[in-house]
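Please view the sequence and the structure together before reading on.

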Amino acid sequence: MSLESTDSGAQATGEAALLVAVQSAIADRPGVLSGARGLSHFGEHSLGWLALAGAGTLLAHRRGDARARRRYVEAGAGAFTAHAASVVIKRIVRRRRPNHPDIRVGVGTPSKLSFPSSHATSTTAAAILLGRAAGLPVLALPAALVPPMLVSRLVLGVHYPSDVAAGAIVGALTAGAVIVADAKNEEQ
């Protein structure tokens, strides 16, 4: 099923033009739209990341690995905190979601606010912290998870490129704060 758009009459410019270009290039390829929607549902309110952190916590507990258990708890807390931070920032900035007739919207959203992308924020924090909890190389999980989520928000037409970039930055900063706090806690 492809996304539908209307004839706008006015050419999209700036970030709207970038969104139109991304959608024109990849949105109608097989599996792209359904994959983007799947990522959207998984990342909604960071619930998918919280579920993975919870599963990791449970498995680490069953293994008797207190350090991994703590880090999975931190991953869930970090993803949730990143999501909450993005919601607060959205309410301060109040940037509206893309609304050019050439931009095809492929999924519903819980609000009309766009900056930063909460999906990008929580995904980045979760990827960094879940990878750390699992003992993976630092960039392995973020490299695998973050780009697809960011692109999915563009394919679905619900964020501008700067929304997803800002979300990734907020998520990385949140994860960094969690890691610093954990390091200070280990020193004590």
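## Basis of the report

The model is predicted; local features need pLDDT of at least 70 and side-chain atom pairs count only at pLDDT 80 or more, while totals for chains, interfaces and linings use all residues. Residues are numbered from 1 along each chain as its sequence is written, and side-chain values use heavy atoms, with hydrogens and water left out.

## Helix H1

Helices here are DSSP runs (H or I, at least four residues), numbered from the N terminus. Helix H1 covers residues 14–27, which makes 14 residues. From its first C-alpha to its last, H1 reaches 19 Å, close to the 20 Å expected at 1.5 Å a residue; the expected span is 1.5 Å times one less than the number of residues.

The buried residues of H1 are Ala16, Leu19, Val20, Gln23 and Ala27. These residues lie on the same side of H1 because they cover an arc of only 100° around the axis, where the arc is that of the directions from the helix axis to the C-beta atoms. Buried means under 20% relative accessible area, exposed over 50%, and partly exposed in between (1.4 Å probe, protein chains only). Gly14 and Ser24 are exposed, on the face of H1 turned away from its buried side. The buried residues of H1 pack against helix H2 (32–43), helix H6 (140–155) and helix H7 (161–187), with contact meaning heavy atoms within 4.5 Å.

## Helix H3 and its ends

Within H3, Gly48, Trp49, Ala53, Gly56, Thr57 and Ala60 are buried. Their cover includes H2, H4, H5 and H6.

Just after H3, glycine 64 takes a positive phi of about 80°. In the loop between H2 and H3 stands serine 46. Serine 46 is buried, with a relative accessible area of 0%. Leaving aside residues up to four places away in sequence, serine 46 touches Ala79, Phe80, His83 and Ser122.

## Glycine 171 in helix H7

Glycine 171 belongs to helix H7 and is buried, its relative accessible area being 0%. Residues up to four places away in sequence not counted, glycine 171 touches Ala82, Thr121, Thr124 and Ala125. Glutamate 186 lies 15 residues from glycine 171 along the chain, and their C-alpha atoms are separated by 23 Å.

## The two pockets

Rolling a probe the size of a water molecule over the atoms shows where empty space is left. On a 1 Å grid over the protein atoms alone, with a 1.4 Å probe, a pocket is an open set of points with protein on both sides within 12 Å along at least five of seven lines; lining residues have an atom within 4 Å of a point. Grid points are joined across faces, edges and corners, and a volume is the space filled by probe spheres set on the points.

The largest pocket has a volume of about 220 Å³. It is lined by 15 residues, of which Val87, Lys90, Pro110, Ser111 and Ser118 are the closest to its centre. Helix H4 (66–93) and helix H5 (118–134) are the elements that give two or more residues to this lining, and H4 gives the most, with four residues. The lining of the largest pocket comprises three nonpolar, seven polar and five charged residues. In this division, Ala, Val, Leu, Ile, Met, Phe, Trp, Tyr, Cys and Pro count as nonpolar, Asp, Glu, Lys and Arg as charged, and the others, Gly among them, as polar.

The second largest pocket has a volume of about 180 Å³. Its lining includes Arg96, Arg97, Lys112 and Val158, and divides into four nonpolar, five polar and three charged residues.
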